[in-house]
Amino acid sequence: MKTRMILSLGLSALVMGGTMVGCTANRGGLASAGTRDAAVAAKLAQRDADRARKALAKGEGAEAAAHAEAAVALMPQNAAYRALLGQGYLKAGRFASARAAFADTLALEPGDGRSALNLALAEIALGDWNAARATLSTHQATIPATDRGLALALAGDPASGVAMLTEVVRSGQATAKARQNLALTYALAGQWREARIVAAADMSPADVDSRLEQWAAFAKPQSSSDQVASLLGVSPASDPGQPVALALSAPVAVGQVVADAPAPAAETPVAVAAVSATPADVRLAEQAMAPIPEARPAPLLRADTRAIKVALTRAAAPAKGNWYVQVGAFRNAAVAQDGWRKVTRRMPTLARSMPTTARFAAKSGSFYRLAVGGFARGEADAVCRRYRATGGACFVRSAAGDQIASWAAKPIQLASR
């Protein structure tokens with residue numbers, strides 16, 4: 001699906017637009033500014049940046065990223081070059097690397113609203129909705145509400161996005177972009193009647209039908225990166241991560257990370273925007289919307305070895321109770337399946353459990369709760385603690401209509417001899 005087909009006046013102009021200083025790839029390796037005269041290094045970095053900008057204009061994200069890496073290596077404290085690097089990574093579909101590059105950009109230039117929006121989009125593409133909402137909140141003063149409202153919807157909070165964009169549209173200074181962003185946000189919230197009414201303000205009835213059809217597909221992504229990738233017109237790519245040599249801060253030795261690691265998260269999950277009508281549902285929704293980030297590097301998981309052995313001895317035991325460990329909430333079953341893959345990469349022992357889903361109706365639409373269950377309360381608490389110790393987010397609840405996930409319930413066909 002082409003970006004312009006989805007939203008010709010949307011986020012993409014702010015994401016990839018604007019003046020960029022940018023880059024020459026040094027094919028023999030990343031150059032070091034410390035071995036050159038400062039003026040020469042600055043000149044070479046500018047040349048690299050210019051080449052990166054030209055590559056971006058041609059849609060060549062991988063080429064742009066390579067040139068921008070060279071510029072950043074020469075001038076590591078230049079925020080504009082790091083922003084350019086992040087844009088190259090985004091265009092190449094390398095969302096984890098883009099997240100690192102834009103985080104470094106904001107460390108150098110906190111007032112860069114474009115980079116803040118790009119960081120939030122990279123976090124959304126990685127499935128880290130909670131981090132994306134925090135980024136949008138932290139940088140609300142520098143990200144225009146027209147773009148921030150749609151980004152909030154993409155980050156799992158369409159209700160707040162609708163409220164924000166409605167205020168913009170009613171302000172008397174509304175643009176076609178603001179109205180279309182509001183229409184798309186209504187669509188993401190499942191409010192199709194309102195989406196049609198707002199979209200019709202700027203297009204013919206025939207065009208509205210076509211636009212809503214495109215949005216219907218856009219609102220049902222197959223993985224956490226699909227919507228951002230579609231919005232930017234890129235394809236997600238294998239991402240080895242930003243080169244360690246380009247990190248703004250010096251890397252810390254693994255032994256030090258393990259020694260200084262914080263204690264496991266507290267029992268109360270991070271609160272997020274409420275999407276439900278009653279106080280009880282609000283609390284449950286806050287917990288259910290906790291993100292499922294990608295797995296951390298293997299050295300940080302060494303402490304889980306004993307937990308793995310214990311889990312293996314229990315795997316054959318039948319279900320003991322009515323308690324479930326919820327590990328996420330997603331817009332549809334396909335994204336929930338993608339979330340389950342991330343959960344089991346983070347804590348492989350959970351792969352021996354049968355994932356369950358349960359529909360959860362909220363004002364902003366329906367969600368699929370993803371959980372493992374059938375535990376006694378004490379065992380459910382222990383499983384959740386082990387998962388949190390790996391950096392995951394979860395909470396324990398009683399059964400709420402949970403059924404075995406459709407993708408997990410498919411029968412296994414054995415080959416005949």
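Helices (H or I, at least four residues) and strands (E, at least two) are DSSP runs, numbered from the N terminus. This is a predicted model, in which local features need pLDDT of at least 70 and side-chain atom pairs count only at pLDDT 80 or more, while totals for chains, interfaces and linings use all residues. Residues are numbered from 1 along each chain as its sequence is written, and side-chain values use heavy atoms, with hydrogens and water left out.

**View 1**
Gly156 follows helix 9 and has a positive phi, near 90°.

**View 1. The whole chain, for orientation.**
Of its 417 residues, 49% count as buried. The chain exposes about 19,500 Å², of which carbon and sulfur atoms supply 54%; accessible areas come from the Shrake-Rupley method with a 1.4 Å probe, and for residues only the protein chains shown count as cover. The mean pLDDT (the predictor's confidence in each residue, from 0 to 100) is 75, and 71% of the residues reach 70 or more. Over residues 250-319 the pLDDT is below 50, and this stretch has 94 contacts in the model beyond near neighbours in sequence; contact means heavy atoms within 4.5 Å. Residues 411-417 also stay under 50 in pLDDT, and for them the model has zero contacts beyond four places in sequence.

A nonpolar core is a set of buried Ala, Val, Leu, Ile, Met, Phe, Trp, Tyr and Cys residues joined through side-chain atoms within 4.5 Å. The largest one has 67 residues, and Phe95, Ile124 and Leu188 have the most contacts inside it. Helix 7 (residues 113-125) gives the most to this core, with eight residues. Leaving aside neighbours within four places in sequence, Ile124 is in contact with Trp129, Ala132, Ala151, Leu154, Ala155, Ser224 and Val228. Leu119 is found in helix 7 too, and is buried, with a relative accessible area of 7%. Not counting residues up to four places away in sequence, Leu119 touches Arg99, Phe102, Ala103, Leu106 and Thr135. For Leu119 and Ala103, 16 residues apart along the chain, the C-alpha separation is 6.7 Å.

**View 2. Gln242 in its loop.**
Gln242 sits in the loop between helix 14 (226-232) and helix 15 (254-260). With 14% relative accessibility, Gln242 counts as buried. Outside the four places on either side in sequence, the contacts of Gln242 include Arg82, Arg94 and Asp104, along with Leu85, Tyr89 and Ala247.

**View 3. Ala52 in helix 3.**
The helix in this view is helix 3 (residues 38-57), where Ala52 has its place. Ala52 counts as buried, at 0% relative accessibility. From Ala52 to Ala65, 13 residues along the chain, the C-alpha atoms are separated by 6.8 Å.

**View 4. Strand 1 and its partner.**
Strand 1 (residues 323-330) is mostly covered, with seven of its eight residues buried. Four bridges join strand 1 to strand 4, and the two run antiparallel; two strands pair if DSSP finds at least two bridges between them. Val325 has Val396 of strand 4 as its bridge partner.

Cys384 and Cys394 are joined by a disulfide, S to S 2.1 Å; a disulfide is a pair of cysteine sulfur atoms within 2.5 Å. The torsion about their S-S bond is about 110°, so the disulfide is right-handed. Cys384 belongs to helix 19 (residues 377-389), while Cys394 lies in the loop between helix 19 and strand 4 (395-398), ten residues apart. Both cysteines, Cys384 and Cys394, are buried. Arg385, by contrast, also lies in helix 19 but counts as partly exposed, at 45% relative accessibility. Arg385 and Val396 are eleven residues apart in sequence and 9.9 Å apart in space, C-alpha to C-alpha.

Key. Buried < 20%, exposed > 50% of the residue type's maximum accessible area, 1.4 Å probe, protein only.
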